[in-house]
Amino acid sequence: MSQPERSAEIAALYQEMILDHYRRPRNKGTLERADAAVEMKNPLCGDEITLQVAFDGDGVGDVRFSGRGCAISQASASMMTQLVKGKGAEEIDSIRNRFREMMLGDPGAVTDEKLGSLRALSGVARFPARVKCALLAWNALETALAERGG
Amino acid sequence: MKLRADFPLLANNPRLHYLDSAATSQKPQVVLDAIRDFYETSNANPHRGAYSLSVQATERYHEARVRIARFLGVRDPDCLIFTRGTTESLNLVAGSWGRANIARGDEIVITALEHHANFVPWQQLALEKHAKLRICELTEDGRLDLDHLGELLGPKTKVVAFNHVSNALGTINPVDEIVKLVSDNSDAITVCDGAQSAPHFPVSFESLGVSFYAFSGHKMLGPMGLGGLIGTREMLEQMPPYQTGGDMIEFVHDDRTTWNVLPHKFEAGTPNAADAVGLGAAVEYLDGIGMARVLDHERSMMASAQRRLAAIDGLQIYGPPPAQRSGVISFTMSDVHPHDLATILDGEGVCIRAGHHCAQPLMRRLNIAATARASFYVYNDERDIDALVAGIMKAREIFGYVPA
């Protein structure tokens, strides 16, 4: 790959929406009353996230995250919490699967409107070493919801 | 030094700035040629055949051992055991010497500077034997706290394991002081992780005075998958085998087996002769440059990198002053996570490491999850530092850094 192509991919990766979520993360903090709390680490880099969920039926009533990490993991967590709040388990599952497909480079996923702002993360697929960063929060959410499902 | 042309990967990628030699080094043409030549002219199973090709393979394997032993100041080449690398060497000591000599209530001393390879084997041995693992803490600037080490030592101390140079911070540890402290205060053996010292400055096992020294060939211009453990003959002869199988036996009876002599006792199975020949060529190449010149070159690279990175607003460098570091500069940038920095630098053709550097206990003590790490070797020059600085500036621009 040529240097300008790689530079363009970097620019697409660190677009303004990602940096905005990194600088001003949404739903960062802790819940007063959480039904599930999942701590997840990326052993590759030592980044960690704690995700707290208050269930509503089988879905997510409220959600917060805390921890530290790179722009990709923090922005992904921030956008995820915005998108899943108030949604049922089935819909969240479907979004999560679609997001994973996008991370694997599925071109169909990139234009899927149900991913909403998460599509800003589509550039991560070009950086295989960073896909784990984007998936960290989603893996934590999956574990939290599995606790709910029993 | 103008050596870049000797390294095909670098020569073929003129815009690549490889600053991750602490993870693995690039390989010069002479090393690649030596490995290929072994397979094209001498390939047979060493120590097996009565035919001349096997004898030739055996001789080349032996010559490589002699060559590498001399490079590391080992008079008796039988005391150099070939392994897959530092990790296997340290597991060999913990698994063989450790299992045979550590008992309940004994104490094992390691340091907070260790790579996981010189941490986890001792931790697991301590758990298995109900021994006590004690960890030497650091001074504020990332050096071993020798006062604390002195307090940890005593009659129960059986082994003290430490690295010669920290892979995460570049700290050069004062081996002679440590060895003296250990022998003055205990009967413990000393195990030195030399993964980051053997490639970068002259090392003589005999002058170090440690019981064991472990190193990796791939960090010193040799191929991946071959390194070594050096020990004193007395220690190695007393130790039980680490793995059993072919080549390491003398006589196998139905109910018992006797062991081969050194070094074969610790080299079960078909040896990695081709890569040993490759590493032999690597140390010959390094000797051709002269390890004193390698050291000089790295010192000047470090001084320049230190000066230029320290001038960047918001950049923090970890570890002791550059004169007490070898080949490594570990840093963070305010507001830009090391992983993001590494990705952006990659976009500029600059390869650095970002993460915990296999030293999670150290990172916890520094209270950081990760650092960015640039490391230097014989083929780097000022242009690599130019590219590193330009890449850091680019990252600041992307992240919209505003000086405080």
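Residues count from 1 along each chain as its sequence is written, while chains are lettered from A and ligands numbered from 1 in the order in which they are written. Since the model is predicted, local features need pLDDT of at least 70 and side-chain atom pairs count only at pLDDT 80 or more, whereas totals for chains, interfaces and linings use all residues. Here pLDDT is the predictor's confidence in each residue, on a scale from 0 to 100. Chain B averages 96, with 99% of its residues at 70 or more. For the model, ipTM comes out at 0.90 and pTM at 0.94.

Now for the sheet. Helices (H or I, at least four residues) and strands (E, at least two) are DSSP runs, numbered from the N terminus. Four strands of chain B make an open, antiparallel sheet in the order S11-S12-S15-S14. Strands S11 and S14 of chain B sit at the edges, each pairing on one side only, and the average twist from one strand to the next is 30°. Two strands are said to pair if DSSP finds at least two bridges between them. S11(B) (residues 315-318) and S12(B) share four bridges in the antiparallel sense; Leu315(B) stands opposite Met333(B), and Gln316(B) is the bridge partner of Thr332(B). Another four bridges tie S12(B) to S15(B) (residues 371-375), again antiparallel, with Phe331(B) partnered by Ala372(B).

How much of S12(B) is buried? Six of the six residues in this strand (328-333) are, so S12(B) is largely enclosed by the rest of the structure. A residue counts as buried if 20 or more other C-beta atoms lie within 10 Å of its own, as exposed if 12 or fewer do, and as partly exposed in between, with C-beta atoms placed from the backbone. Both faces of the strand are covered: Val328(B), Ser330(B) and Thr332(B) are buried on one side, and Ile329(B), Phe331(B) and Met333(B) on the other.

The helices come next. H12(B) and H14(B) (residues 382-398) pack at an angle of about 115°, and their axes are 9 Å apart. Axes are lines fitted to C-alpha atoms, for helices over the stretch in contact, and angles run from 0 to 180 degrees between N-to-C directions. Contact means that the C-beta atoms of two residues, placed from the backbone, lie within 7 Å. On the H12(B) side the touching residues are Asp340(B), Leu341(B), Ile344(B) and Leu345(B); H14(B) brings Gly391(B), Lys394(B), Ala395(B) and Ile398(B).

Leu388(B) is also part of H14(B). This leucine is buried, with 24 other C-beta atoms within 10 Å. Leaving aside neighbours within four places in sequence, Leu388(B) is in contact with His17(B), Leu19(B), Val350(B) and Ala374(B). Between Leu388(B) and Ile352(B) there are 36 residues of sequence separation, yet C-alpha to C-alpha they are 8.8 Å apart in space.

Last comes the meeting of the two chains. The contact takes 17 residues from chain B and 18 residues from chain A. On the chain B side, the elements giving two or more residues are H12 (338-347), S14 (353-355) and H13 (360-366). H12(B) supplies the largest share, five residues.
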